[in-house]
Amino acid sequence: VQLQASGGGLVQAGGSLRLSCAASGRTKRLYSMGWFRQTPGKEREFVSAISWSGGTTLYSDSVKGRFTITRDNSRDNSNNMMYLQMNSLKPEDMAVYYCAADIVHPHVPVQIALEYAYWGQGTLVTVSS
C-alpha cells in the first residue's frame, strides 16, 4: 500500500486549503484513515480520522469546526482517496501534514499514531499571519 499526500502550500491566515491523500495498491486492506501533523521539534499530532465507511469522523479540539475530513472509496479497488478541507487557517496550523491508513479498525476512527500501519510522505502547509 502506498499513500501520497498532496495539496499543501502557502496560504494567508483565514484562508483555506484542501489536502488529498491517494491510497494505491492493496487498498482492500485499509480501514480507518487519518491525518496527522508535525512541526520541528514536536511529536506528530493527531488532526482528524475517518472510519472506512466515512460515517464516523474524529477531530482534535484545535481543528474542530474548521477542518472537514472525507474519503472516497468509490474508485476502483486499487485506489482510494481521502481529503482534508481546511478552512479559517491559523498560523498555528502550519506544519507538515501526513496521511495514514490503518488495517485493524474498520468502524472506529483511530487517533493514535502507533495504530496506523501505512504513512504518506507529508505535505507542507504554511500559514502566513
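Where is R66 found? R66 sits in the loop between strand 6 (57-59) and strand 7 (67-72). Strands here are DSSP runs of E with at least two residues, numbered from the N terminus.

A quick word on the model: it's predicted, so local features need pLDDT of at least 70 and side-chain atom pairs count only at pLDDT 80 or more, while totals for chains, interfaces and linings use all residues. Residues are numbered from 1 along each chain as its sequence is written, and side-chain values use heavy atoms, with hydrogens and water left out.

**Around R66**

- R66 is buried, at a relative accessible area of 11%; buried means under 20% relative accessible area (1.4 Å probe, protein chains only).
- The R66 side chain gets to the backbone oxygen of S62 at 2.8 Å.
- A polar atom of that R66 side chain also lies 2.9 Å from the backbone oxygen of S88.
- Leaving aside residues up to four places away in sequence, R66 touches Q85, M86, N87, S88, L89, K90 and D93, where contact means heavy atoms within 4.5 Å.

**The disulfide**

- A disulfide is a covalent bond between the sulfur atoms of two cysteines.
- The rule used is a pair of cysteine sulfur atoms within 2.5 Å, and the count comes to 1 disulfide.
- C21 is joined to C99, with S to S at 2.2 Å.
- C21 lies in strand 3 (residues 17-24) and C99 in strand 9 (residues 95-101), so the pair ties together parts that are 78 residues apart in sequence.
- The torsion about the S-S bond of C21 and C99 is about 65 degrees, which means the disulfide is right-handed.
- Both C21 and C99 are buried.

Notes. Helices (H or I, at least four residues) and strands (E, at least two) are DSSP runs, numbered from the N terminus. Buried means under 20% relative accessible area, exposed over 50%, partly exposed in between (1.4 Å probe, protein chains only). A polar contact is a pair of N or O atoms within 3.5 Å; within protein, one must be able to donate a hydrogen and the other to accept it, and residues adjacent in sequence count only if both atoms are side-chain atoms.
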